[in-house]
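Subject: Structure for you to look at

Hello,

I am passing on a structure that you have not worked with before. Please open it alongside this message and read the notes below against it.

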Amino acid sequence: MTRFAALLALALPAACSSPPRAADTAASAQENRNALVPVVIRTAGGARRFAVEVARTPQEQEKGLMFRKELPDDGGMLFPMEPPRTASFWMKDTLIPLDMLFVRTDGTIALLKAEAEPYSRIPVSAGVPVAAVLELRGGRAAELGIGEGDRVAWGGCAVPGEKLTTDLNFCPDPAR
């Protein structure tokens, strides 16, 4: 065996077992953060499941669903409020009608603004601190029988039997 072959034989196992580079780890973490998050709304008619985008940063929350021309029936966008606060949303530069669900810290829907009008600059607020606002395709809440008082959970709390790679979990106390 040549000296080069011997060195290569020693180096290969080390290369295969080396820890991931920081850039790879950061990219993987960002990918997990951008992954769709499951949301389940428990209604009188049963559980309704969605796979939604998450607007985590102030910049993402400011943009929201602006300029979108369509939204899947099981899609939407979640705007987590950490810490919970009174949130106010408008439809400036939003091309499609949306259902806005303002979710209290106990997981119940405090306000459902159905079919919010595209381009409207009139603010919509539940007037109480909320843990999040969930936006769905306009009319979807009515189609599925979703209403104020229904319970919302997301992340691993929404689908406890599934293995998820999200750090975003909302587990309201069902006894409240």
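Predicted model: local features only at pLDDT ≥ 70, side-chain atom pairs only at ≥ 80, totals over all residues.

Overall make-up

The protein chain contains four helices and seven strands. Their order along the sequence is α-α-β-β-α-β-β-β-β-α-β. The chain has 176 residues, and 39% of them count as buried. Its exposed surface comes to about 10,200 Å², with 57% of that supplied by carbon and sulfur atoms. Among contacts in the chain with a separation of 6 or more, 67% are between residues 24 or more positions apart.

The sheet

Seven strands form an open sheet with mixed pairing, in the order β5-β4-β6-β3-β2-β1-β7. The edges are β5 (109–116) and β7 (151–154); each has a single partner strand, so one side of each is left without a neighbour in the sheet. From one strand to the next, the twist averages 30 degrees. Within the sheet, strand β3 (residues 77–89) and strand β6 (residues 124–137) run antiparallel and are joined by eight bridges. Thr 86, for example, has Pro 129 in β6 as its bridge partner.

In soluble globular proteins, nonpolar side chains tend to be buried together. Here the largest nonpolar core has 22 residues, and the members that touch the most others are Ile 41, Ile 146 and Trp 154. At least two residues of this core come from each of β1 (37–43), β2 (46–54), β4 (98–103), β5, β6, α4 (140–144) and β7. The largest share is that of β6, with four residues. Beyond its neighbours within four places in sequence, Ile 41 is in contact with residues including Phe 50, Leu 101, Ile 109, Leu 134, Ile 146 and Val 152. Another core, of 17 residues, lies apart from the largest one; Met 77, Phe 79, Val 130 and Val 133 are among its members.

Is Gln 61 buried or exposed? Gln 61 sits in helix α3 (residues 58–63). Its relative accessibility is 18%, and the cut-off for buried is under 20%, so Gln 61 counts as buried. The side chain of Gln 61 reaches the backbone oxygen of Pro 80 at 3.0 Å. Not counting residues up to four places away in sequence, Gln 61 touches Ala 55, Arg 56, Phe 79, Pro 80, Met 81 and Arg 85. One of these, Phe 79, also belongs to the core of 17 residues.

Regards

Note on methods. Residues numbered from 1 in each chain as written. Heavy atoms only, no water. Buried < 20%, exposed > 50% of the residue type's maximum accessible area, 1.4 Å probe, protein only. Contact = heavy atoms within 4.5 Å. Areas by Shrake-Rupley, 256 points an atom, 1.4 Å probe, with all protein chains shown as cover. Pairing = 2+ DSSP bridges. Axes fitted to C-alpha atoms, helices over the stretch in contact; angles between N-to-C directions. Polar contact = N/O pair within 3.5 Å; in protein donor to acceptor, adjacent residues only side chain to side chain. Core = buried A, V, L, I, M, F, W, Y, C linked by side-chain atoms within 4.5 Å.
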